[in-house]
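This report describes a protein chain through its charged pairs, nonpolar packing and backbone. The sequence and the structure follow.

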Amino acid sequence: MAVDPFAELLRHLRRNASRTQDEQAGAINAASGRATMTRREVNRYENGANVPTDHTLGNIALACGVPLEPLLREAKAARVRRREKNKAEAEDLDDVKRRTLLGGAVIGAAAAAEPWGRLAYALSKGSKIDPESAGVLIDHAARLHVDELSESALSLQSRVEAHLDAITAALPRAGTHERALTIAAGETAALAGWVAWDLGEHDKAISYYGVTSECAKKAGHPPLRALALGYASYAKALEMLSQAAQDVRGRGNATAAAWALGRYAEEAAQSGDDAGALRALDQAKFAYDFADHTSEQAWVRFVTPYRMDSLTLSVYGELKRQELTVTADSAVERLGGELPESGVVVLGDLASALLRGGDADRGAYVAHQFAVAAESKPNTMGRQRAQAIAAGLPDTEHDLASHLLTFATL
């Protein structure tokens, strides 16, 4: 018996994204945020045994980077065929719709084996996508940057790369949404680079950062290049951060400027430029006074007051400034009883700052608090700080140091 055209369409969309049925289930789960889709259910959709619900279709559209409305239309037609047993008449019509839906996505998906390669290729294309689908893709890119605060690099990687594939597939049909989707693609690529770097895939990370810069150039959006430079700066710091600070000058970029300047201050302190570090930190604090991290670029959502505390603590600890004690008390007070997701980073920077500043007893005490918090709220930044704290603990805290080193490698 012939496979239903809608089932065939779903199979084409999956293959277009170069995925197995297991991988397609994972991409749909990444889009929905719930681990409910299975390979078996994907197989049932693709052999015509079942038609996805409209809610599931929304997640499939997001995972594959295609507009939702045509999928809903095709699914409705498939349900009619199932009821009326009138396959022959509907197949001709659906074949036309199927070709229209797939459009140029086949070329984009086949252009390269890696997500950054497909994205680089897609940047040169253009067509149409509906506003709703564009909005979903852009919003999901923002959510991924928020999730980075509470998820490990390993758990986040597949979701980030799946979304990058979705935007890549949509870009050739972006139309009037091309600039917004290109910016969202760059934000997602930068996060993919950060995750890859954290997992030790340094060449891969550099490729992602390069494509983020291409997106910035394509969209005429310098703050996006600042994002790439900020992430990449953990390898080649001051030069990149200086450029990043230039890229985020101007209205609407206060949070990004605060982060770029704060990171510059952190790296300058580590390189021995005390005056430059303090000057940049003051500029960062001044910029943040005028910032609203919830309403500027999507990727600045992680630059919370807690993150600014952690940057300040890092600088003061490295420079052994007397302001460290007051800043530490203020940071702990801001954290309160209910530790926020980004509070793990603050505790980590506070412990490191106290240890570097010479307050070994208080630093060890906070390190114990950090160890508990980091395990209950694991994330990429927390694991990085675990390693740094372990290196600064006194010999009397050998067990804690071993525990943190083990945690850092998980």
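## Salt bridges

In this predicted model, Glu266 and Arg263 form a salt bridge through their side chains, with an N to O distance of 2.9 Å. The two residues belong to helix H15 (residues 254–271) and, because they are 3 residues apart there, about one helical turn separates Glu266 from Arg263. Glu266 and Arg263 are both buried. Side chains of opposite charge can pair when their charged atoms come close. Over the whole structure, the search returns 15 salt bridges.

Another of these pairs is Glu46 with Arg14, whose closest N and O atoms lie 2.6 Å apart. Glu46 and Arg14 are both buried.

Lys204 and Glu161 also meet through their side chains in a salt bridge, at 3.1 Å from N to O. Here, too, distant parts of the chain are linked: helix H12 (residues 202–219) carries Lys204 and helix H10 (residues 153–170) carries Glu161, the two residues being 43 apart. Both partners, Lys204 and Glu161, are buried. With Glu201, Lys204 and Glu161 make up a network of salt bridges.

## Nonpolar cores

Which residues have the most contacts inside the largest nonpolar core? They are Phe6, Leu71, Leu191, Tyr231 and Trp259, in a core of 78 residues. The element that gives the most to this core is helix H11 (residues 178–198), with 10 residues. Apart from this core lies another one of 39 residues, including Ala269, Ala277, Ala331 and Ala373. In soluble globular proteins, nonpolar side chains tend to be buried together.

The surroundings of Leu191 can be given in detail. With neighbours within four places in sequence left aside, Leu191 is in contact with Leu144, His145, Glu148, Leu156, Val160 and Tyr231. Tyr231 is itself among the residues with the most contacts inside the largest core.

## Cysteines

The search of the whole structure finds 0 disulfides. Cys64 has a relative accessible area of 6% and is therefore buried. Cys215 is also buried, with a relative accessible area of 0%.

## Backbone in two loops

Most residues other than glycine have a negative phi, and most peptide bonds are trans. Ser18 has a positive phi, near 60°, although the residue is not glycine. Its place is the loop between helix H1 (5–16) and helix H2 (21–32).

Lys320 likewise has a positive phi, near 55°, in a residue other than glycine. The loop that holds Lys320 runs between helix H17 (305–319) and helix H18 (323–335). Is Lys320 buried or exposed? Lys320 is exposed, because its relative accessible area is 56% and the cut-off for exposed is over 50%.

## The chain as a whole

The secondary structure comprises 22 helices and 0 strands. Of the 410 residues in the chain, 55% count as buried. Among contacts between residues at least 6 apart in sequence, 68% join residues at least 24 apart.

The chain exposes about 18200 Å².

Terms used: Residues are numbered from 1 along each chain as its sequence is written. This is a predicted model: local features need pLDDT of at least 70, side-chain atom pairs count only at pLDDT 80 or more; totals for chains, interfaces and linings use all residues. Side-chain values use heavy atoms; hydrogens and water are left out. A disulfide is a pair of cysteine sulfur atoms within 2.5 Å. Buried means under 20% relative accessible area, exposed over 50%, partly exposed in between (1.4 Å probe, protein chains only). Helices (H or I, at least four residues) and strands (E, at least two) are DSSP runs, numbered from the N terminus. A nonpolar core is a set of buried Ala, Val, Leu, Ile, Met, Phe, Trp, Tyr and Cys residues joined through side-chain atoms within 4.5 Å. Contact means heavy atoms within 4.5 Å. A salt bridge is a side-chain nitrogen of Lys or Arg within 4 Å of a carboxyl oxygen of Asp or Glu. Accessible areas come from the Shrake-Rupley method with a 1.4 Å probe; for residues, only the protein chains shown count as cover.
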